[in-house]
Each structure stands twice: as C-alpha cells, then as structure tokens.
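Hi there,

Here is the structure I promised to pass on to you. Have a look at it first, and then read on for what turned up around the ligand.

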Amino acid sequence: MGELKLSKPYLLQAADLTTEDVKLIFDKSDYFLEHYKRGEKFDDLKGVTVAMVFFEPSTRTKLSFDIAAKRLSADTISFQSATSSLTKGESLIDTLHTIEAMGVQMYVVRHGKSGVPQFLQANTSGVILNAGDGKHAHPTQALLDSYTLYRHFGAVKGLKVCIIGDIIHSRVARSDIALLKTLGAEVTLCAPGTLLPRNRNIWDCPIIESLDDAVEWADVMLVLRLQRERMESGILPSITEFSKYYGVKYEHFTRKPELVLMHPGPVNFGVELDYRLSTYPNCLIQTQVTHGVFIRMALLSLLGRDL
Ligand code: CP
C-alpha cells in the first residue's frame, strides 16, 4: 500500500484542508520534530528545486520555508521581484514559465493581491504553496497555529479561541477561522467595529465586545497586528485609542494565568500587545515560529514526494 496523500496536490487555502489532511500534516510534523532533535538528516526532496517567490516582505514564512526545504535536501532559489525582468514588463505568467524552464518544481508564493497563487497553480505543472495572498489566505500560518495548540493542549477540538484586533485586513484570521472550525474549536472575534467584516455573521463567529469578556471566555487569545499597510485612512480614531481599548495588557494574563497567548508576528509591541507579555510563561509566540519550520517540512515532503 502506498503512503497516504493530501487531498489536493498543492496548498492554496486552509479551507481546502480536511481533518484527514491535517492529521497527516501534524503526524509528519511530529516525526520531523522528534527526529530532527536526534540529529537525523532527511533526503525527502533530494533532486527537487524549490523557489521562494515573495512579492511582499517576510521574515518568518520565507526563512522557515527556506530552512525546511534545505533540511529536506532540496535546492532552493530566491526570486527577487524588484530586480527581476518583471520590471521590464515581463508578465507574471511568463516569469513563472521562465523559472519552470530552469527545472524548478515547487513554488512558495507570497503576493499582495488575493488569488495570485491560484492563478499560478492553474498555469503550471509544478506545485504552488501559498505563503500569503492579499487578505485572502495564509494556510501555513493557520496550520502552525493549530499545530501549536495541538502540541500544547493535546487536541484542538473544544478549545475556545478568541481572535483579537485587525480582523478585517487579516488573511491569518480568515485561515485560522477556517482551520480551527474544521478541527472543532470554538472561535470568537473581538475588535472595534471598523476592523470587523461589515456582515458580522459572514464567518459564523460570535463577537465579544470587550477584552475583559474575551479573557473570561477564552482558553486562547490569538492577537493580530494592525495592518496599517492595508488600512484606509480614518478607519480608527487613533492608534492610542485602539491600544487603550483593544491592546492586550499584562494584567489580562495575571488575572487568568492558564490563558494562552498567540500572535502570528510580526508584533507591534505597545500597540496590540504589552511588551512584558513576550516573556509570559504561556506566551507561545516563539513556539509558533519554531513549529512553523516543522509544519513547512511536512508540507514540502508530502507535496513534493511524487516530483
Ligand atoms: N506571520 C508571518 O507571515 O510573518 P512574516 O510576514 O514575517 O512571514
């Protein structure tokens, strides 16, 4: 019998993942985490070339995909859009076909416009992994977030997760909501009205009006960055006002020590989060980053095995 496969031969959005897919990815991540600790080497992607194609800035996603691919013995290249022939008028699709002609089989793609990874997947025989597109999706972030909860609590089902902050501009929120619900968590949202979807019921997540009520209700506070680069002016009275009412404070956690804190990063400390929380025992922000490498190793291995 062949090894189990993911239901789709690419990764475009968290909403496509089944519970069986997620179990497979988590089991594979556990395997890599345990075996890497013992100093083992992996050759799952020997002979495969993976391109990092980032049109938006990134530290965590880009570096962890690069590290993950190298740990699996892949060759990696980094495409720099600002110094590429895109600047001479070459189209995105011609750029993809040019890179493809050099023998690249896997593409890790981040783009500011929603839908670019889907468009590229429809025009290549290679494998696209979405590393974040516009406000649409960031599936590997959702996977590493749920994996961090799974490793911390033993299961995701039944957990109460409150997502706090800039929800309307966040591809992380959309992907986390989809995946957490697939895995059976309860998800609520806490944000000022202008940072919530206009149709408040669109994601079927109850709204919690105040941070104090969110602390009372939640097992996990998943805090988001204010995405000022995607924000139209006038959406908030001021950053200070946002911080006063929706910034998560140290006192929220001393009141309920078992509460878990997560943030996808990068964090704007002093805006959405009190800096003192970075060393709080149940702050899992660095653990999320560490788990991101093993989740991405698992995905690259599962999606690259037949290349
Ligand atoms: N969480 C996240 O996507 O971080 P980067 O933008 O640094 O990749």
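The ligand sits in the largest pocket. Please keep in mind that this is a predicted model.

Which residues surround the ligand? They are Ser 58, Thr 59, Arg 60, Thr 61, Arg 110, His 138, Gln 141, Pro 264 and Gly 265. Sorted by class, this shell consists of six polar residues, two charged ones and one nonpolar residue.

- Thr 61 brings a polar side-chain atom to 2.6 Å from an oxygen atom of the ligand.
- Pro 264 has a backbone N or O atom 2.9 Å from a nitrogen atom of the ligand.
- Gly 265 places a polar backbone atom 3.1 Å from a nitrogen atom of the ligand.

As for cover, the ligand on its own has 250 Å² of accessible area, and the protein covers 92% of that.

Now for the domains. The chain is divided into domain 1, covering 14-135 + 289-303, and domain 2, covering 139-288. Between these two, the contact takes 31 residues from domain 1 and 29 residues from domain 2. Their centres, taken over C-alpha atoms, are 26 Å apart.

Where does the ligand lie relative to the domains? Domain 1 and domain 2 both give residues to the shell around the ligand, so the ligand lies between them.

Best wishes

Conventions:
Residues are numbered from 1 along each chain as its sequence is written. This is a predicted model: local features need pLDDT of at least 70, side-chain atom pairs count only at pLDDT 80 or more; totals for chains, interfaces and linings use all residues. Side-chain values use heavy atoms; hydrogens and water are left out. A residue is near a molecule or strand if one of its heavy atoms lies within 4 Å of it. A polar contact is a pair of N or O atoms within 3.5 Å; within protein, one must be able to donate a hydrogen and the other to accept it, and residues adjacent in sequence count only if both atoms are side-chain atoms. Accessible areas come from the Shrake-Rupley method with a 1.4 Å probe; for residues, only the protein chains shown count as cover. On a 1 Å grid over the protein atoms alone, a cavity is a set of points where a 1.4 Å probe fits but cannot get out, and a pocket is an open set with protein on both sides within 12 Å along at least five of seven lines; lining residues have an atom within 4 Å of a point. A molecule sits in a cavity or pocket if more than half of its atoms lie within 2 Å of its grid points. Ala, Val, Leu, Ile, Met, Phe, Trp, Tyr, Cys and Pro count as nonpolar, Asp, Glu, Lys and Arg as charged, and the others, Gly among them, as polar. Domain bounds come from an automatic or database domain assignment. Contact means heavy atoms within 4.5 Å.
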